[in-house]
Amino acid sequence: MTLRRLQVLLTGTSSDAHTWNLMYLQLALEEADHDVTNLGPCVPDDLLTEACVRFRPDALVISSVNGHGHADAARAAAAVRCDSRHDALPIIVGGLLGTAGDPNADHAPALEAAGVTAVLEKGDLPELMRLLAEIRAAAARKLEGVR
Ligand code: B12
């Protein structure tokens, strides 16, 4: 089975200025043998949707820690899902998505309704890697099927 490198598009949300979360995730993803395009912080939704068309990523990872992530990521995911070319694109969101309660778990249903595939906690890096490994194996199986 040929395991090609995954193209991962990594982005902050439109209101979120935090940068080290993105740098950390980029390095961790590259160490796991993925190709990463890091759009950086404060990415408007239209720039994100354009990047999805331009880079045709295998997975989109959205990181937010400023507390507005639940609203920003829902809006961004809905914008990406407006284009049917991205129907099958896995959208994984994580970080610190709100400021009260158990924010990631509490907001997960609304985020999933907006088109997010998986909502992860800030400590869920191993789960992120597991999901990406699954996507990579599925892509390899699809490629073998075509041959
Ligand atoms: C540095 C910092 C800033 C700097 C950022 C500078 C920069 N260029 O990055 C500045 C001063 C600009 C800043 C501003 C603000 N900040 Co600030 N900031 C921090 C601080 C101290 C450190 C963040 C950091 O760099 N961590 C290092 C990185 C490597 O770790 P990380 O961000 O936690 O990311 C890790 C995980 O979250 C996880 N993760 C992140 N994303 C994802 C995604 C997935 C899929 C997965 C699996 C994991 C994952 O993996 C990363 C590596 O472990 C934190 C407090 C803290 N100690 O964490 C507050 C903090 C994030 N900020 C906070 C706030 C409120 C703000 C402001 C709103 C303050 C204000 N009133 O102006 C603004 C927001 C500005 C904006 N527009 O976004 C709050 C957020 C509160 C919340 N969500 O509940 C925090 C938690 C402080 C606090 N305890 O209140 N901040």
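User: How do you know that the length of helix 3 (residues 69–81) agrees with a helix?

Analyst: The expected span is 1.5 Å times one less than the number of residues. Helix 3 has 13 residues, so it should span 18 Å, and its end C-alpha atoms are 17 Å apart, which agrees. Helices (H or I, at least four residues) and strands (E, at least two) are DSSP runs, numbered from the N terminus. This is a predicted model: local features need pLDDT of at least 70, side-chain atom pairs count only at pLDDT 80 or more, and totals for chains, interfaces and linings use all residues. Residues are numbered from 1 along each chain as its sequence is written, and side-chain values use heavy atoms, with hydrogens and water left out.

User: Why is G67 called buried?

Analyst: Buried means under 20% relative accessible area, exposed over 50%, partly exposed in between (1.4 Å probe, protein chains only). G67 has a relative accessible area of 7%, so G67 is buried. G67 sits in the loop between strand 3 and helix 3. It touches L96, L97, G98 and T99, not counting residues up to four places away in sequence. A contact here means heavy atoms within 4.5 Å.

User: Which residues of helix 3 are buried, and what do they pack against?

Analyst: G69, D72, A73, A74, A76, A77 and V80 are buried. The buried residues of helix 3 pack against helix 2 (45–55), strand 3 (59–64), strand 4 (91–95) and helix 4 (103–113).

User: What makes H18 a donor to the cobalt atom of the ligand?

Analyst: Donors are N, O and S atoms within 2.8 Å of the metal (3.2 Å for Na, K and Ca); water is not among the atoms, so sites may look incomplete. NE2 of H18 is 2.2 Å away from the cobalt, and H18 is the single donor from the protein. H18 lies in the loop between strand 1 (7–11) and helix 1 (20–31).
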